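Here is a short note for your first look at an interface between two chains. Keep the structure open while you read.

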There are 4 protein chains.
Amino acid sequence: MSGNGFGHLFRFTTFGESHGPAIGCVIDGVPPGIPLAEADIQHYLDQRKPGQNRFTTQRREPDQVKILSGVFEGLTTGTSIGLLIENTDQRSKDYGEIKDTFRPGHADWVYQQKYGIRDYRGGGRSSARETAMRVAAGAIARKVLDALVPGGVSIRGAMVGMGPHSIDRAAWNWAEVGNNPFWCPDAIAAKAWEESLDAIRKAGSSIGGVVEVVAERVPVGLGAPVYDKLDADLAKAMMSINAVKGVEIGDGFAAATLSGEENADEMRMGNDGQVRFLSNHAGGILGGISTGQEVVVRLAVKPTSSILTPKRSIDAKGNEVEVSTKGRHDPCVAIRAVPVAEAMMACTLADHLLRSLAQPRP
Amino acid sequence: MSGNGFGHLFRFTTFGESHGPAIGCVIDGVPPGIPLAEADIQHYLDQRKPGQNRFTTQRREPDQVKILSGVFEGLTTGTSIGLLIENTDQRSKDYGEIKDTFRPGHADWVYQQKYGIRDYRGGGRSSARETAMRVAAGAIARKVLDALVPGGVSIRGAMVGMGPHSIDRAAWNWAEVGNNPFWCPDAIAAKAWEESLDAIRKAGSSIGGVVEVVAERVPVGLGAPVYDKLDADLAKAMMSINAVKGVEIGDGFAAATLSGEENADEMRMGNDGQVRFLSNHAGGILGGISTGQEVVVRLAVKPTSSILTPKRSIDAKGNEVEVSTKGRHDPCVAIRAVPVAEAMMACTLADHLLRSLAQPRP
Amino acid sequence: MSGNGFGHLFRFTTFGESHGPAIGCVIDGVPPGIPLAEADIQHYLDQRKPGQNRFTTQRREPDQVKILSGVFEGLTTGTSIGLLIENTDQRSKDYGEIKDTFRPGHADWVYQQKYGIRDYRGGGRSSARETAMRVAAGAIARKVLDALVPGGVSIRGAMVGMGPHSIDRAAWNWAEVGNNPFWCPDAIAAKAWEESLDAIRKAGSSIGGVVEVVAERVPVGLGAPVYDKLDADLAKAMMSINAVKGVEIGDGFAAATLSGEENADEMRMGNDGQVRFLSNHAGGILGGISTGQEVVVRLAVKPTSSILTPKRSIDAKGNEVEVSTKGRHDPCVAIRAVPVAEAMMACTLADHLLRSLAQPRP
Amino acid sequence: MSGNGFGHLFRFTTFGESHGPAIGCVIDGVPPGIPLAEADIQHYLDQRKPGQNRFTTQRREPDQVKILSGVFEGLTTGTSIGLLIENTDQRSKDYGEIKDTFRPGHADWVYQQKYGIRDYRGGGRSSARETAMRVAAGAIARKVLDALVPGGVSIRGAMVGMGPHSIDRAAWNWAEVGNNPFWCPDAIAAKAWEESLDAIRKAGSSIGGVVEVVAERVPVGLGAPVYDKLDADLAKAMMSINAVKGVEIGDGFAAATLSGEENADEMRMGNDGQVRFLSNHAGGILGGISTGQEVVVRLAVKPTSSILTPKRSIDAKGNEVEVSTKGRHDPCVAIRAVPVAEAMMACTLADHLLRSLAQPRP
């Protein structure tokens, strides 16, 4: 109820601050008998972890996950799974400035207002450090989906826009996503972005971006009318990620500009006797329920406010000050949002898959 | 868990189908001692009800609400509030076509796939008829907010885009919202939209739209990190409304194109000793917590698929058919989404207000 | 969160006061395709309804239930089911006394303290009138259990003690339960109780009782460790019934007096290759999980405080007064607790059955 | 939903098996600004930990708790609190027998049936080892109660019955509770129990017991009608503790034998202008809501099935076997249930205290 957990039947609850001794989570509801090893989780954590290239924060965290419970002889047991990652790179530094000054665009001031106290070191609980646990939970969600859905569910994310630049969707190639620091599916765009972001980074500035996540082989029928529609829960999942300011399903805001004729996803029968949709404006969700098509979600990520240019703010005593961020930071936080958004997709789908099992057709 | 309720501490659960005998809801968690009468709810229901002008469906429903419990001598008692609206305009007509044919773009097919059965009359549970109960719950949420927040909370909605047309934001005038059939705050745009929508209506076509909801005097500190951020819950609330395909907070997707310098909301001290933000790119929410500024949410509403132009679909036996919708329908469902979106804003804020009370600073 | 609902996956939420216009509930999570008619529910409501014999309150309520949603052409649709019972016997009488005086042993005073307001007519929300909706929900839970468990689940209740009198368990005969006004399985005891309770009734006094509920053919494996053990949820379910002061599973408090040797339920293999327990001290639940044996729950029901003998109390102004109850009341409220306890057993089992489906073995 | 958490607004979720690397929990909903140190928790853990005298298992666990998050500079921050206890005494021994044999009266067989897999080492997740985390959460719940309730809330437990022996309630002396190995408030009874239990222990037998928990200075008005009555939630809390088979509030089962005249708790006005109850048959709860009197709960704890006498059981292959437990075990597990029951009382009260704050009287 205080917001540290996500999901209902596949539910995880996280704890930990940026510069505390450790972060962790408990995952409840995982079915028994699913193969799970630390390496399964580590694989995805390694995609998110900081310090991998010059476009992500230079904090050095191995993000080594430990499974503390719920797995026995390589299989889940149906009981709660405890995960732990120790923080190692808590630089001993002077927090004097951040302690007493509210960084504009960060959660410093609102946490102080809400709670009257905050762990100011590195942003404390509001730090994106917490997203490591989302990625860990997402890794387990993928295992659940793969165990229960024949053929498994594929979940992939990509960055499709950086500041004013967007990709050429015709050039989309999933294979390119791992070949550049942006998870960009368009090799040519990625090249251009690299130059652009280098300039931004050197100027101590930052830029926003757009992330797209696509899930394939999602079973028909996931999503619970009326308030827990699959798209409603995906919107919540994505909007809960740090710095996200917008979420779209399928055509999203573009659909608002279309006519009914343009927006229709017509249906035909395939040769295999299965229904086939002729287009996917809906992004794989109708009436809040998955159609079996690709589920497509996009999220807008704002630029971080941690920039070199001084910005006007106040301090804890109500003095007017100017704040400027030097040192390590992410020039485009959208990049690291990609594996996190994938993880939130996986967790949302796993939760709804389990929910659908609880309302069987007799 | 099966999705028919919304909220946690201010929680409502709805029931009812488009053409059943009645729709209703239970609202749990309303504090005691708040003045509440049926007229308080009816006021908002009258804004949503169909048949008010030529741009909304011609179904005639008085939508007369009855309070069945939880109110005594004009005051809430702290116990659950039951609400009921009887359906009166259930035209006796032949449902043969809709019974066996899946309308493209509607929830018909996915409900049938998910449940193996559906109440096909008028869309059944997936009909926008259900949103009457959201509006009723929203009316009570407003009473809660007004009782607990000094000065009350103002929640207003407007349509800011219709198909390719948008408003001139410089011309925004809340007083105009009640003067046109679109809840449009720009009188000149409304005039143009009227012509445009008349043509669409006569052609049996439809068009999408964008709705914006603004809440003023929201207390600082609403929103629960990390997963129940205020914006995350608003995203879910809005995305759960029929036909919504996108949600933005503040600058939303535009923020993804900005630099950190452009996106910063700087802070100064006002003469009153209160913090003042110099801009509101964030839409009143930082780190998932309200800043005290206006909370600004926008939602993209797709065009309804109920159009005259025949579209390819299938029937219950797997035959390929064409579907065309004649008769009463809304050419732009975004219009009627305005009071519903306001209601969902009210419910989300009321829920988080109660949640904030449960974590007091001692 | 404000306590008007029960269950998670099979969840019902009720509303209504003793003397309001109606009581009702919404049931969420019922699987689709289950046959359900109003008569299925009415059957159980008729067992609970007041005025059936001289030992239950003479209030006359037909308790006619209406299904308002969630059922189509005789089958559940998987969407929320709305139920309504109109109150008909709201005697217009002078509530002056009960309005200003707190009846000892009733919830009058605590409601007033908690909420600062209460619907004092007939006990308002704290009245046992609310239990009609438990019985209605229980009837639907039985349908769910019967649809999903091969052979169906049998749930039967009986009164096994009245004041100082208890039954001869060796004489237990389920067939007798319908033959006396007490749901007593021991015909000889029932005879004696009749005389005893007649005297109590005539004296305007009251007496407590013990109810036992037995569920047969409960599948092995229901119950979720650690906090949602089946017995923990049953304890909550039963203790939430008006006037209940104690709950036991299996041997219950007697188990505290036993040695490990006496309390052991040994296991053997049956000729059918199934495990057979040689005794059932555990009441069908081990480690919070059903064993497949009979699930046995007992509840202690206190005597109602509505008695003729004046009892010392206070009024709303803090004056010391004496309160005496004349007129219609139940001399032994445990009698009417029997169908309610059965219903709560059914709802708890249905909820856990659906929960077990959500954690499948792959 | 899978049962590893307790509470709603004060909510904790636990993980960990008896012989895994660690046990832990996350506590969500703790208000900010409350002083909290590891020593506050350790104090109560030390009361529960095994190996303290000859009547509790000789497993040696320091049960050293670490706070991993949610506390900053000695105060809670309002964010989730992570706790961890490493398991140190996981004797390397041959689990061959317990691996393949189901101990009668334990959860072995039902876990295997439910999940198809179990961590059999030391009982795995079903082990009472998990209760250490209840005690830790309870320690924090006490801090919450003390911070928010003027004068603080006192919660004390005692053992009031062991097998056939019970205490002389007239001799009740809280000061004695710490002077004997039983938390027994009657010094003379404790002496007799010691002899009795020594014999039982030497015989490799076991015995049940009754625990009573009393909370003082509980504010009036805690408890949420209708389904989340304070007594209903206490019943669930207590019944969720390992080996508990019965729960009573106030007079409990004895109330079922009383008349209305005997059971009435009359009210008078005290000289201080406060309402005074003349008795407390109700155990401090009316209509599910606290009256301000002592809240009194009793629980029946069964004897452990781990005894020397061979008992008939089956093994994993369906062979009939005999099982006998040698070595360390608790002859009366009720003893160690005392601090656990206190903790569950504290958590339940803290949860309802926060819930009451969320429904303020305006």
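1. Start with a term. A polar contact is a pair of N or O atoms within 3.5 Å; within protein, one must be able to donate a hydrogen and the other to accept it, and residues adjacent in sequence count only if both atoms are side-chain atoms. Across the interface of chain C and chain D, 55 residue pairs are in polar contact (both at pLDDT 80 or more).

2. This is a predicted model: local features need pLDDT of at least 70, side-chain atom pairs count only at pLDDT 80 or more, and totals for chains, interfaces and linings use all residues. Side-chain values use heavy atoms, without hydrogens and water, and residues are numbered from 1 along each chain as its sequence is written.

3. How many residues does the contact take from each chain? With contact meaning heavy atoms within 4.5 Å, chain C gives 106 residues and chain D gives 108 residues. Of the interface residues of chain C, 100% are also interface residues in chain D, so the copies meet through the same surface.

4. Now the charges. The rule finds 8 salt bridges across the interface of chain C and chain D, each a side-chain nitrogen of Lys or Arg within 4 Å of a carboxyl oxygen of Asp or Glu. C:Arg312 and D:Glu266 meet in a salt bridge through their side chains, at 2.9 Å, N to O.

5. The area buried between chain C and chain D is about 8800 Å². Carbon and sulfur atoms give 60% of that area. Buried area is the accessible area (1.4 Å probe) that two parts lose on being put together, summed over both.

Methods: Chains are lettered from A and ligands numbered from 1 in the order in which they are written.
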